[in-house]
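This briefing concerns a predicted model. Please consult the sequence and the structure shown below while reading the points that follow.

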Amino acid sequence: MAGCVCCSALKPRYKRLVDNIFPSSPEKGLVRSEMEKLTYYAVSAPEKLDRIGVYLARKLTRDIARHRDKAVFIAMEALNQLLLACHAQQINLFVESFLRMVATLLESANAEFQALGTHSFEKFSKIEEDTASYHRRYDFFVSKFSSMCHSNQQDNNIRLKAQLNGVQGLRGVIRKTVSDELQVNIWEKQHMDKIISSLLYIMQNDTNDEKHNDDGSPVPKEDSEHPSSLAEESFRELLSRAAFANVPAAVSPALSHMDNHKLWTPDSTFAIKCFKIIMYSVQGQYSHLIVKMLLDHLDNHGTEKQHTRASILQVLCAIVPIPSSAAIGPSVIDVFNRLARHLKISTERLNQKDFVNALIETTGVLAGVVPDYQKLEIITFYITKSQEAICGSEDGEGMISVDKKFASLLLQSLHRISKTYHASNLSTLSSTLLDPLLKVALLTDPSERLLAHNLLISLFDRNQNESRLTLVSSQTDVESMGLVSSAASKYDVDFLDRRLPSIYHWLFESFKHDDNSINNFMSLYKCALVLCLSIFSPDIITDMTCLTLAVQGAAIELLNNANQPEDVIGHVSQVLASTASIMLVLAHLSAIPEFQHYVNQVMLSRNSIAPQLMPEHALTGQKTRISFKFEPEALSKVIFTSTAIYDALVGRIGFNIEKLNQPFLANLPLDTLSSEGKHGPIDVESINISFTMGRETSVTLEDGVMPANTITYQYLKQVFTKPPISRKEQMAKNQKVADHIRSVPFEQLIAEMKPDPTIECKKWYEQVINTEANSVEDEGIDPLVFPSICYF
């Protein structure tokens with residue numbers, strides 16, 4: 001006994017203090033009074049912390065090997081208290097010993113020791129160290145805690161405890177590393193693959209059937225220490241601290257986990273939940289990276305089954321509308337170009353209906369989160385591709401089926417996009433958008449034309465009148481619709497001047513299609529009226545009236561041919577019925593009683609003489625044999641005439657009724673020079689060149705240039721009575737002038753120009769002044785006084 005006392009007295013003080021914390025009987029637990037002495041000593045002499053840690057670690061290892069479980073718990077309790085009490089710079093050396101002890105506990109097969117090590121590590125993760133450790137690594141802890149998350153113990157309780165310890169440990173690693181840039185780079189692939197897959201594995205095996213809020217967060221419950229709840233919390237914490245460069249490092253393992261565990265199909269509920277958590281957790285300005293990575297993942301699964309790819313698109317649709325997201329990033333057109341490419345690929349494969357429907361829905365959802373000006377860019381991009389597919393793939397026998405199907409899918413996507421667009425200023429509709437769209441709306445089949453018609457309605461309808469418009473047969477029906485009109489603003493001037501002629505031409509040609517369905521006529525009826533209601537003015541009413549009369553005239557001219565087949569007669573009746581509904585609304589919008597009275601009289605006569613021409617009969621799909629053999633007097637009662645409308649509008653301010661006496665110009669070009677300055681096919685009629693006549697006076701006529709002295713009264717009479725030059729000749733003449741301007745050098749154009757009269761006048765004035773000045777000097781008058789003399 002005396003020898004033991006002697007040996008103990010020779011030990012260093014820190015060892016004696018460490019030994020004293022262990023009681024004679026391990027069941028008594030840690031000796032609190034001695035622990036206070038050890039803590040005071042460690043705080044007073046922080047340079048001894050490292051030695052204390054090494055000594056405690058040696059005792060812990062020996063106790064584990066000898067199965068002294070109580071002593072192990074005492075040693076870890078002492079370490080935890082020392083760790084929490086000491087915050088000096090030298091604590092880094094003590095931490096190394098502490099981590100070795102935790103690692104020793106985790107390596108043991110004893111579940112209690114593993115839990116003890118996990119709890120100690122979690123407490124350590126909450127300590128903010130004064131200085132960073134550049135050499136400390138957590139590779140072992142990441143691997144060990146991840147393996148605990150994947151525990152496959154048969155006993156459910158043991159497995160849940162192991163998974164709970166694994167999640168707690170990973171949460172400790174995350175807290176200790178992600179916020180400290182000087183620590184080990186936890187965002188490296190080898191670490192993220194283990195951490196993310198382990199957390200998702202715990203989440204996907206949740207047996208508690210947790211309910212979640214709209215933002216993906218779980219509804220609070222009593223058992224908050226369940227592994228799945230902690231795993232989700234840790235997952236959110238990790239993603240919330242991810243910087244721009246680290247977001248892909250955290251999301252890529254999640255995508256791989258979905259592939260490895262086949263979580264995309266058949267039910268993508270967990271995938272949607274997982275990526276909602278990701279989208280809500282990452283910083284808002286980085287969320288577009290998630291969209292890009294999902295699209296990249298879709299590209300990489302080009303050969304997978306369509307259900308897998310459709311599930312990826314469902315996930316995309318679920319996360320894009322999240323308010324915290326930064327839309328779809330700066331490269332908007334690139335995103336939709338990739339979707340269009342997948343549409344193109346799907347047309348070359350069989351049985352892709354589910355995937356195609358998911359693509360169209362995704363296109364609409366993605367377009368719904370971008371501003372309206374970007375929606376117009378997307379629509380322009382898609383309609384251009386559609387036009388290329390229609391016009392660029394025609395051969396002698398017609399359009400290739402693949403390209404035709406691709407164009408149809410693009411139009412369906414545009415129809416879905418149009419549901420998210422709200423028209424504001426029609427001036428934003430450039431020629432690069434409208435010209436291809438109007439062409440596509442003329443060249444495609446009736447079903448595809450209907451999609452283009454609906455898109456135009458969405459682009460024109462700034463007052464949401466499309467849902468109010470129905471077939472009308474009287475002024476009472478028009479009043480019950482509650483239409484809303486708005487006058488053209490100053491921003492719509494460009495649209496009125498440049499776009500309306502092409503739209504009028506398109507409407508005229510569209511009504512003449514003999515394969516139009518009832519839905520086509522309904523969409524054309526709505527399109528014409530929403531355009532009038534969006535830029536309401538007397539000029540628009542007059543122009544649309546002229547257009548309606550022209551369409552009616554073309555239909556009646558078609559009837560004049562003998563032996564018309566039944567389908568042509570049905571087409572004519574639908575044209576006359578739709579134009580009648582348009583005329584009723586136009587009369588109501590004009591607010592002119594005479595105009596309204598005349599239209600009502602025609603509709604009453606039509607209802608009694610030719611009810612088959614009424615909208616409720618011709619545009620409801622009823623197939624009845626129709627006879628149009630009317631006497632001229634009866635025919636004049638059931639159709640609208642320009643003379644009667646002229647008489648009704650005469651004297652009304654703002655209505656240019658002279659247009660009613662002029663033929664409707666239906667051959668207007670669709671291609672014009674765009675307002676942005678992009679050169680399309682040139683309208684040579686728009687070139688206006690004037691020449692100034694100099695002293696050698698001449699007159700420019702059709703046949704050339706003649707001297708003025710050869711022009712007689714008889715010649716002028718012959719010129720004025722001569723038929724006007726044809727449009728084709730005028731275009732050829734203007735084209736010749738335009739080609740000359742383009743081909744010759746600029747210097748030659750300058751030389752061909754006549755001198756400016758103001759310059760000639762200035763030279764003549766200077767010559768007169770110089771001459772008078774010379775004469776004044778000869779007479780001895782001061783030239784400085786001469787200007788004032790000349791002035792008076």
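The buried residues of helix H20 are Ser431, Leu433, Leu434, Asp435, Pro436, Leu437, Leu438, Val440, Ala441 and Leu442; buried means under 20% relative accessible area, exposed over 50%, and partly exposed in between (1.4 Å probe, protein chains only). Helices (H or I, at least four residues) and strands (E, at least two) are DSSP runs, numbered from the N terminus. Residues are numbered from 1 along each chain as its sequence is written. In this predicted model, local features need pLDDT of at least 70 and side-chain atom pairs count only at pLDDT 80 or more, while totals for chains, interfaces and linings use all residues; side-chain values use heavy atoms, with hydrogens and water left out.

**Helix H20**
- With 10 of its 13 residues buried, H20 is mostly covered.
- The cover over these buried residues includes helices H18 (372-391), H19 (401-418), H21 (446-460), H23 (493-498) and H24 (500-511).
- H20 (residues 431-443) reaches 18 Å from its first C-alpha to its last, close to the 18 Å expected at 1.5 Å a residue (1.5 Å times one less than the number of residues).

**Nonpolar core**
- The largest nonpolar core has 217 residues, and Phe275 and Phe460 have the most contacts inside it; such a core is a set of buried Ala, Val, Leu, Ile, Met, Phe, Trp, Tyr and Cys residues joined through side-chain atoms within 4.5 Å.
- Helix H27 (residues 566-590) gives the most to this core, with 13 residues.
- Leaving aside neighbours within four places in sequence, Phe460 is in contact with residues including Leu434, Phe495 and Ile503 (contact means heavy atoms within 4.5 Å).

**Salt bridges**
- The count comes to 25 salt bridges, each a side-chain nitrogen of Lys or Arg within 4 Å of a carboxyl oxygen of Asp or Glu.
- Glu122 and Arg171 meet in a salt bridge (2.5 Å, N to O), which links helix H7 (residues 111-125) to helix H9 (residues 156-177) across 49 residues.
- Glu122 counts as buried at 10% relative accessibility, and Arg171 is buried at 8%.
- Lys344 pairs with Asp403, the closest N and O atoms being 2.7 Å apart; Lys344 lies in helix H16 (residues 332-347) and Asp403 in helix H19, 59 residues apart.
- Lys344 is partly exposed, with a relative accessible area of 24%, whereas Asp403 is buried at 12%.
- A network of salt bridges links Lys292, Asp296, Asp299, Arg338 and Arg341.
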